[in-house]
Amino acid sequence: MKQRIKTIALAALLATAGAAQAQTILKIGYATSATSHYGVGSTVFCEEMEKGTQGRYKCQQFPNSALGGEREQIEAVQLGTQDIVNTSTGPLGNFVPEVKIVDIPFLFRDYDHARKVMDGPIGQDLQKKMEAKGLINLAWTENGFRHMTNSKRAINQANDANGLKMRTMENKVHMDGYKTFGILPTPMAFPELFTALQQGTVDGQENPIPVILASKFSQVQKHLSLTGHVYSPAALILSPAVWNKLSAADKEAFVAAAKKGAAAQRKKVNDDENNGIAQLKSEGMQVVEKVDGESFRKAVAPAYAQFAKEFGADKIAAIQAVR
Ligand code: EAX
């Protein structure tokens, strides 16, 4: 009998010790809703990361810019006051200038090209440059190809965008590129955008279909043109304050989980692109599906000389050469 009591007591002790094993809660933030591409990618990452660390790490998600704009969140992750951000590269160039090369208009041919570049040596090199600036990019997730919306008129070709006051991300490459279309660029953090569109402070904006859907821009924008003028990568960035405390095995688990999150996010982007246009039309948007892309490429061509000076013609050519 005594032995039985001892065994039960020992089992209870071990169980309590196991449960008391430290569980670290990590705060992860992103711009759009929990059901958006960022939410899908972040949720898969969090589930896989918790599994891969046997429950020792768990996420607390903050969708809908609850922790601020992307630039603010990137800074908080760098400082260690936020653990993780799933963010577009839009404001990232303010912290790691070399990353702005991926924001050049019409640099990427299509999703296959973009994903091959970001997951290959060029993307890995940019991850190293980010690490040197205190930003651990666990994986390149994805925002998507950006399209133009506005409240004034249909945009069929570059000239139609002339004179429109368009909100842009806080990204000089975007602003310089869009000026060649005659756009008046107004840089603005994402959380302010819906109100600015509603109040007419700006005429329009540009974002991927998943963002236009998740942010319900059809309520404040009449016209959508599938310009696809920029591919917008995204990154799952961990604070070095967390990374530096991880064991080698947990580091591997975090990266493996991030890769699964990225795959889920990319699939959601493709799903939204396939189903979103019909949905936005049903929500009342007038959609120009066949845009004169050549007119935009011709307009932005002179800016490439400046981009080549800033990033190196060889670096731009290397991205274009990836097949
Ligand atoms: O990352 O600021 C933007 O337009 C971004 O595309 C949005 O926050 C999603």
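1. A polar contact here is a pair of N or O atoms within 3.5 Å. With that cut-off in hand, take Asn207: one of its polar side-chain atoms sits 2.7 Å from an oxygen atom of the ligand. Please keep in mind that this is a predicted model.

2. For Arg167, a polar side-chain atom lies 2.7 Å from an oxygen atom of the ligand, and for Arg146 the corresponding distance is 3.0 Å. On its own the ligand exposes 270 Å², and the protein buries 99% of that area.

3. Now for the rest of the ligand's surroundings. Besides Asn207, Arg146 and Arg167, the ligand is surrounded by Ala31, Tyr38, Glu70, Ser88, Asn143, Met169, Phe190 and Val211. Sorted by class, this shell holds 5 nonpolar, 3 polar and 3 charged residues.

4. A helix pair is also worth a look. Helix α6 (residues 172-179) and helix α11 (residues 293-311) have axes that come within 8 Å and cross at roughly 155°. Angles over 145 degrees count as roughly antiparallel, so α6 is roughly antiparallel to α11.

5. Which residues of α6 and α11 meet? From α6 come Lys172, Val173, Asp176 and Gly177, and from α11 come Val300, Gln306, Phe307 and Phe311. The residues of this contact divide into 4 nonpolar, 2 polar and 2 charged.

Terms used:
Residues are numbered from 1 along each chain as its sequence is written. This is a predicted model: local features need pLDDT of at least 70, side-chain atom pairs count only at pLDDT 80 or more; totals for chains, interfaces and linings use all residues. Side-chain values use heavy atoms; hydrogens and water are left out. A residue is near a molecule or strand if one of its heavy atoms lies within 4 Å of it. A polar contact is a pair of N or O atoms within 3.5 Å; within protein, one must be able to donate a hydrogen and the other to accept it, and residues adjacent in sequence count only if both atoms are side-chain atoms. Accessible areas come from the Shrake-Rupley method with a 1.4 Å probe; for residues, only the protein chains shown count as cover. Ala, Val, Leu, Ile, Met, Phe, Trp, Tyr, Cys and Pro count as nonpolar, Asp, Glu, Lys and Arg as charged, and the others, Gly among them, as polar. Axes are lines fitted to C-alpha atoms, for helices over the stretch in contact, and angles run from 0 to 180 degrees between N-to-C directions. Helices (H or I, at least four residues) and strands (E, at least two) are DSSP runs, numbered from the N terminus. Angles under 35 degrees count as roughly parallel, over 145 as roughly antiparallel, 65 to 115 as roughly perpendicular and the rest as oblique. Contact means heavy atoms within 4.5 Å.
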